[in-house]
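This report describes selected features of one protein structure. The sequence and the model are shown first.

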Amino acid sequence: MSSVSDQSPAATGSASGASYAAAGVDIEAGDRAVELMKEWVKKTQRPEVLGGLGGFAGLFDASALKRFERPLLASATDGVGTKVDIARQLGVYDTIGHDLVAMVMDDIVVCGAEPLFMTDYICVGKVHPERVAAIVKGIAEGCVLAGCALVGGETAEHPGLLGPDDFDVAGAGTGVVEADQLLGPDRIRTGDAVIAMAASGLHSNGYSLVRHVLFDRANLRLDQHVEEFGRTLGEELLEPTKIYSLDCLTLTKSARVHAFSHITGGGLAANLARVIPDGLHAVVDRGTWTPAPVFDLVGRTGGVERLELEKTLNMGVGMMAIVPEESAEVALSVLADRGVDAWVAGEITERGDRTTGAELIGDYAS
């Protein structure tokens, strides 16, 4: 999590020669950022983590996996997309990390894997130590919510490629699942219930469309109060992505679960279809929920057709669980105890002559 340093003569320079600092890279600022972020990274530590910040690699004691008969490692990598521009414009940097952890670790938990550890990559035009530390603070808080450790990362300064206030974030994570507990399409059966878990908002997908509609076409402002939201537009758009990892793991320990689907880019139907086996079909009834006002604002303001919205945005559902019909009531009770708003949104049927693995039917509840 420190800036890349280059100790060649050309980099160190002299009073009359070129220097790394003159080229726009501030090593001292990078070191200061590392010092500021240490306290937050420490909060994510699991007993399997060895060492601290400053090494070339994060260390995780793999002997902890001996408790598994046949451990399968699950890995994922992702970013936050153009949502980072909302954070930049608002000058709010301590929530975007929640989005990053959610995008990575909620992909990992889909197969039933327990999140173990994560690394991050923060690319900036200019290192502002407090700003970088705030981003890492958000990542660390997200890791705590996901139950994983933040074992390392990198902050890279790219002057000339990015503006002084520009930045981007990415991350990679690893989890583990017992082979005979692996979730996925082969477990799904006709008659299974499809349970939807409410999203906290737009999450971290579709912001290119959202920004185009709300700012380029409608000329709305981030500081503009929106009555339907009860807060400013910027606050709504920056709402962190919900992290479902521990909710899903708790569910697998308390009820029978056949599969999960993380609803991200591509929308609800396309992501759900990814876990539906050949020969079966998921039917989801729009009438079982009402999307939050932000989805209506984007659609109405931009004249975006419903199908276009649905293949771009999550429409209010961030995660789906597929469970046997007789387990649905227990599953809903477990999620309710954890404060997760969830409901039965559909079922698994025979595919028949359908060409896709999932579809939405009916109209949204008003």
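Asn-219 counts as exposed because its relative accessibility is 58% (exposed means over 50% relative accessible area, buried under 20%, partly exposed in between, with a 1.4 Å probe and protein chains only). Its phi is near 55 degrees, a positive value in a residue other than glycine. Asn-219 belongs to the loop between α6 (207-217) and β8 (225-226); helices (H or I, at least four residues) and strands (E, at least two) are DSSP runs numbered from the N terminus.

Met-315 is not a glycine either, yet has a positive phi of about 55 degrees. Met-315 sits in the loop between α11 (306-310) and β12 (317-323), and counts as buried because its relative accessibility is 6%.

**Basis of the model**

This is a predicted model, in which local features need pLDDT of at least 70 and side-chain atom pairs count only at pLDDT 80 or more, whereas totals for chains, interfaces and linings use all residues. Residues are numbered from 1 along each chain as its sequence is written, and side-chain values use heavy atoms, with hydrogens and water left out.

**An open sheet**

Four strands form an open sheet in the order β3-β6-β4-β5, with mixed pairing; two strands pair if DSSP finds at least two bridges between them. The edge strands, each pairing on one side only, are β3 (71-79) and β5 (149-157).

Strands β4 (residues 114-124) and β6 (residues 167-178) pair in the antiparallel sense over 10 bridges. Glu-114 has Val-176 in β6 as its bridge partner.
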